[in-house]
2 protein chains.
Amino acid sequence: MNLISVTDIKHKISSVGLKATSQRIAIYQAVMKLKNHPTVEMILEEISPLHPSISVGTLYKNLETLVEVSLLEKVKSEEGNYRFEANLDKHNHIYCSNTKEIIDYQDDELDLILFEYFKKKKLKNLKINDIRLQISAERLNINKEISIQ
Amino acid sequence: MNLISVTDIKHKISSVGLKATSQRIAIYQAVMKLKNHPTVEMILEEISPLHPSISVGTLYKNLETLVEVSLLEKVKSEEGNYRFEANLDKHNHIYCSNTKEIIDYQDDELDLILFEYFKKKKLKNLKINDIRLQISAERLNINKEISIQ
DNA sequence: TTATTAAATAGGAATTATTATTGTTTAATA
DNA sequence: TATTAAACAATAATAATTCCTATTTAATAA
Ligand SMILES: [Mn+2]
Ligand SMILES: [Mn+2]
Ligand SMILES: [Zn+2]
Ligand SMILES: [Zn+2]
């Protein structure tokens with residue numbers, strides 16, 4: 001999932017009609033590399049050493065552009081600022097109150113249960129486009145991995 | 001639910017150890033009155049005619065304070081700014097993409113289904129505190145009411 | 001009822017996150 | 001290699017929120 005060559009990234013970017021600039025490639029790569037839905041600041045810190053001249057305006061503009069063409073997704077954090085991710089599959093988010101992480105939680109069985117549940121409901125004047133779970137949780141041991149089986 | 005006297009509001013506020021100032025009462029009343037999870041701006045517009053001298057700093061400070069003592073709740077909108085509500089019951093939110101409304105959706109049966117579903121799961125190093133549904137939808141006819149039965 | 005005092009307020013400055021502007025540079029194409 | 005629309009760096013502007021401080025007020029008790 002993470003092992004994608006620069007050539008592939010270039011193709012991905014140009015296939016949606018965008019110029020494959022070095023800045024855009026670096027930004028897209030950074031979001032793919034960083035876990036837990038990085039903030040703009042975290043993305044800037046990731047790209048700065050190799051690309052110190054990328055301006056914050058360019059970073060914001062590119063993140064917005066990449067979201068528009070569906071190469072990235074934008075997520076609102078509990079704290080109020082935006083965070084980004086390259087995982088485009090339908091999934092839910094676990095918000096860790098102690099670590100401020102946002103962890104992906106994909107569960108097709110659960111999605112089906114919800115789909116069936118709302119299929120039975122009578123919706124008046126309303127079209128549901130998407131249903132996501134927002135799970136507020138905390139990591140018990142900050143140094144250990146979490147899992148849901 | 002909306003018919004609560006000023007005396008009752010005063011009691012509610014002082015019972016959590018806060019001074020029942022005219023500003024605080026007005027702000028709490030305004031959030032109780034306004035539907036669809038008002039923004040700070042909408043709350044200001046509501047209180048301004050009767051209390052033109054309430055400063056924006058006081059408004060922010062009071063909203064924060066009332067959230068801290070659990071008389072109000074803070075909700076983040078899709079647009080990025082915070083919105084407030086006096087409904088403290090556990091409930092889900094329907095985000096209307098066309099009207100930008102946030103509509104409450106309470107469903108005890110669904111809560112139970114989710115509770116049972118996650119009870120079966122093995123959680124490693126994770127404590128779930130709360131699960132909410134975030135429903136993205138659109139009102140088909142903006143002038144008519146919506147409902148889910 | 002009045003005095004005391006900690007809490008709260010008004011008004012405005014400061015900060016933070018994000019967006020807009022503009023002259024210059026560059027990737028794509030022919 | 002020349003052309004050109006798109007993208008860029010730098011920076012100004014905006015919006016939302018938080019912070020600061022001198023002044024006012026609600027609560028309490030003499
Ligand atoms: Mn992710
Ligand atoms: Mn509500
Ligand atoms: Zn995610
Ligand atoms: Zn609500």
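Predicted model: local features only at pLDDT ≥ 70, side-chain atom pairs only at ≥ 80, totals over all residues.
Trainee: What percentage of the contacts in chain A with a separation of 6 or more comes from residues 24 or more positions apart?

Mentor: A contact here means that heavy atoms lie within 4.5 Å of each other, and residues 24 or more positions apart account for 47% of the contacts in chain A that have a separation of 6 or more. Residues are numbered from 1 along each chain as its sequence is written, and chains are lettered from A, with ligands numbered from 1, in the order in which they are written.

Trainee: How many helices and strands are there in chain A, and in what order do they run?

Mentor: Helices (DSSP runs of H or I, at least four residues) and strands (runs of E, at least two) are numbered from the N terminus. Chain A has five helices and seven strands, and from the N terminus on its elements run α-α-α-α-β-β-β-β-α-β-β-β. Its C-alpha atoms fill a box of roughly 55 × 40 × 30 Å along the principal axes. Of the 149 residues in chain A, 40% are buried, where buried means under 20% relative accessible area, exposed over 50% and partly exposed in between, with a 1.4 Å probe and protein chains only.

Trainee: At what angle do the axes of α3(B) and α4(B) cross?

Mentor: Two packed helices are described by the angle between their axes and the distance between the axes. The axes are lines fitted to C-alpha atoms, for helices over the stretch in contact, and angles run from 0 to 180 degrees between N-to-C directions. For α3 (residues 40-47) and α4 (residues 56-68) of chain B, the axes come within 11 Å and cross at roughly 115°, so α3(B) and α4(B) are roughly perpendicular to each other; that label covers 65 to 115 degrees, with under 35 roughly parallel, over 145 roughly antiparallel and the rest oblique. The contact is made by Val40(B), Ile43(B), Leu44(B) and Ile47(B) of α3(B) and by Leu59(B), Tyr60(B) and Leu63(B) of α4(B).

Trainee: Which residues make the contact of α2(B) with α3(B)?

Mentor: Begin with the geometry: the axes of α2 (residues 22-33) of chain B and α3(B) come within 9 Å and cross at roughly 110°, which makes α2(B) roughly perpendicular to α3(B). The contributors are Ala26(B), Ile27(B), Ala30(B), Val31(B) and Lys33(B) of α2(B), with Ile43(B), Glu46(B) and Ile47(B) of α3(B).

Trainee: In what order do the six strands of the open sheet stand?

Mentor: Strands of a sheet pair through backbone hydrogen bonds, either parallel or antiparallel, and two strands count as paired if DSSP finds at least two bridges between them. The order in this open sheet is β4(A)-β3(A)-β6(A)-β6(B)-β3(B)-β4(B), with mixed pairing. At the edges stand β4 (102-105) of chain A and β4 (102-105) of chain B, each with a single partner strand, so one side of each is left without a neighbour in the sheet. On average, and with direction ignored, neighbouring strands of this sheet are turned by 30° against each other.

Trainee: How many bridges join β6(A) to β6(B), and what packs on the sheet?

Mentor: β6 (residues 126-139) of chain A and β6 (residues 126-139) of chain B pair in the antiparallel sense over 13 bridges, and Lys127(A) has Glu138(B) as its bridge partner in β6(B). Helix α5 (residues 108-119) of chain A lies across β3 (92-96), β4 and β6 of chain A together with β4 and β6 of chain B, running at about 140° to β6(A). Helix α5 (residues 108-119) of chain B also packs on the sheet, touching β4 and β6 of chain A together with β3 (92-96), β4 and β6 of chain B, and its direction makes about 140° with that of β6(B).

Trainee: How many residues lie between β1(B) and β2(B) in their hairpin?

Mentor: β1 (residues 73-76) and β2 (residues 82-85) of chain B pair in the antiparallel sense over four bridges, with Lys74(B) opposite Phe84(B). Five residues lie between β1(B) and β2(B) in the hairpin, and Gly80(B) in the turn has a positive phi of about 120°.

Trainee: Is Lys122(A) buried or exposed?

Mentor: Lys122(A), in the loop between α5 and β5 (123-124) of chain A, is exposed, with a relative accessible area of 58%. Leaving aside its neighbours within four places in sequence, Lys122(A) is in contact with Ser147(B), Ile148(B) and Gln149(B).

Note on methods. Heavy atoms only, no water.
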